[in-house]
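Please load the model in a viewer and keep the selection panel at hand. The stops below proceed by selection.

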Amino acid sequence: MIFNDSLFRNKNILVTGANSGLGLDVCQEISNLGGAITGVSRSIDKQIFSKQIKTVSSDLLNTVSIDFSSKDLDFEKFDKNVKYDAVFLSAGVSKVSGFVQTDEETMESMFDINVIGQLKLLRYLLKKKLVKSNASIVFMSSINGTSLGSKGHSIYAATKGALNGITMSLANELSKKRIRVNAIASGLVKTPMFIDNLRLAGEDSMKEYEKTYPLGFGTPNDVSNLAIFLLSDGARWITGQTYIIDGGHSIA
Ligand SMILES: NC(=O)c1ccc[n+]([C@@H]2O[C@H](COP(=O)([O-])OP(=O)(O)OC[C@H]3O[C@@H](n4cnc5c(N)ncnc54)[C@H](OP(=O)(O)O)[C@@H]3O)[C@@H](O)[C@H]2O)c1
């Protein structure tokens, strides 16, 4: 039995999208389990980040500001002495728009943030040997691009499908070092990203939509529990998989 309060003691975990939603929840939970977090997001000074994580364990928190939509990604900000046991890539944006109506700038920036910028970061960490043998890498994907394709989500689904694809190939490549690579394809979870969707769709249609989720929409903790399992040594025989977690939406 490996699950206890010190599951992540002496472990370094890098989390992108660390100041909000699912990334923030994973930071808080892992920090409670003894892990030292390097949190990456564009705006590291957001109230929520400093307030909620620092109260857990300020000494275990390192923050790095990287804008994945920028062409000049500065990874030299990372401490080369810290080697990671787990990497959770949660940064992402979702812009709802019909495919034909989506301008090129939006398409490119969604791919830069959701895919390219984070793959560049991961490649940098692997090249510099900052990811330990036996480490676990988890991408934050979506049911959009995995088991369904909602209207207005073509580009978003394409970015998430790309993450599912690399999950399988990279898992094979990194298996020599016993580094595992998995993805989580989540349904709708109540985070700031959800609030944006709610604003667009309106409260009534969201309530109607929630009926297609047998267990209702998720909370950040519903998903971070799965992330934490996959990031931990408890999942040492799992690699190359994309796990759907959606309150039963896909079987409704
Ligand atoms: N919530 C859902 O229903 C849901 C469902 C399926 C999948 N997901 C996926 O889960 C992940 C986390 O989503 P969430 O709901 O937690 O969203 P969220 O609360 O909106 O958080 C998004 C995170 O991404 C970071 N980010 C956005 N643009 C960035 C950029 N240019 N450079 C660096 N970081 C950037 C944000 O940091 P800044 O604030 O500093 O920009 C923030 O930390 C995303 O990949 C999303 O696609 C979410």
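Predicted model: local features only at pLDDT ≥ 70, side-chain atom pairs only at ≥ 80, totals over all residues.

Residues are numbered from 1 along each chain as its sequence is written, and side-chain values use heavy atoms, with hydrogens and water left out.

**Confidence**

Colour the chain by pLDDT, the predictor's confidence in each residue, from 0 to 100. The protein chain averages 91, and 93% of the residues score at least 70. Select residues 47–57 next: this is helix α2, where confidence is lowest, at a mean of 53. Confidence is highest in β6, at 99. Helices (H or I, at least four residues) and strands (E, at least two) are DSSP runs, numbered from the N terminus.

**Nonpolar cores**

Select Leu14, Ile66, Phe78, Tyr84, Leu125, Ile137 and Phe139, which touch the most other members of the largest nonpolar core, a set of 30 residues. Such a core consists of buried Ala, Val, Leu, Ile, Met, Phe, Trp, Tyr and Cys residues joined through side-chain atoms within 4.5 Å; buried means under 20% relative accessible area, with a 1.4 Å probe and protein chains only. Elements giving two or more residues to this core are β4 (84–89), α3 (104–127), β5 (131–142), α4 (154–174) and β6 (180–186). The largest share, 5 residues, comes from α3.

A second, separate core has 26 residues, including Leu22, Val26, Ile30 and Ile184.

Now centre on Phe78. Leaving aside neighbours within four places in sequence, Phe78 is in contact (heavy atoms within 4.5 Å) with Leu14, Thr38, Val40, Val64, Ile66, Tyr84 and Leu121.

**Largest pocket**

Select Gly92, Val93, Ser94, Thr191 and Met193, which lie nearest the centre of the largest pocket among its 50 lining residues. On a 1 Å grid over the protein atoms alone, a pocket is an open set of points with protein on both sides within 12 Å along at least five of seven lines, a cavity is a set where a 1.4 Å probe fits but cannot get out, and lining residues have an atom within 4 Å of a point. The pocket holds about 1,200 Å³ of space.

**Largest cavity**

Finish with Lys95, Ser97, Phe99, Thr102, Met110, Gly152, His153, Ser154, Ile155 and Tyr156, which line the largest cavity. Its volume is about 50 Å³, and α4 gives the largest share of the lining, 3 residues.

Definitions and conventions:
Buried < 20%, exposed > 50% of the residue type's maximum accessible area, 1.4 Å probe, protein only. Points joined across faces, edges and corners; volume = space filled by probe spheres on them.
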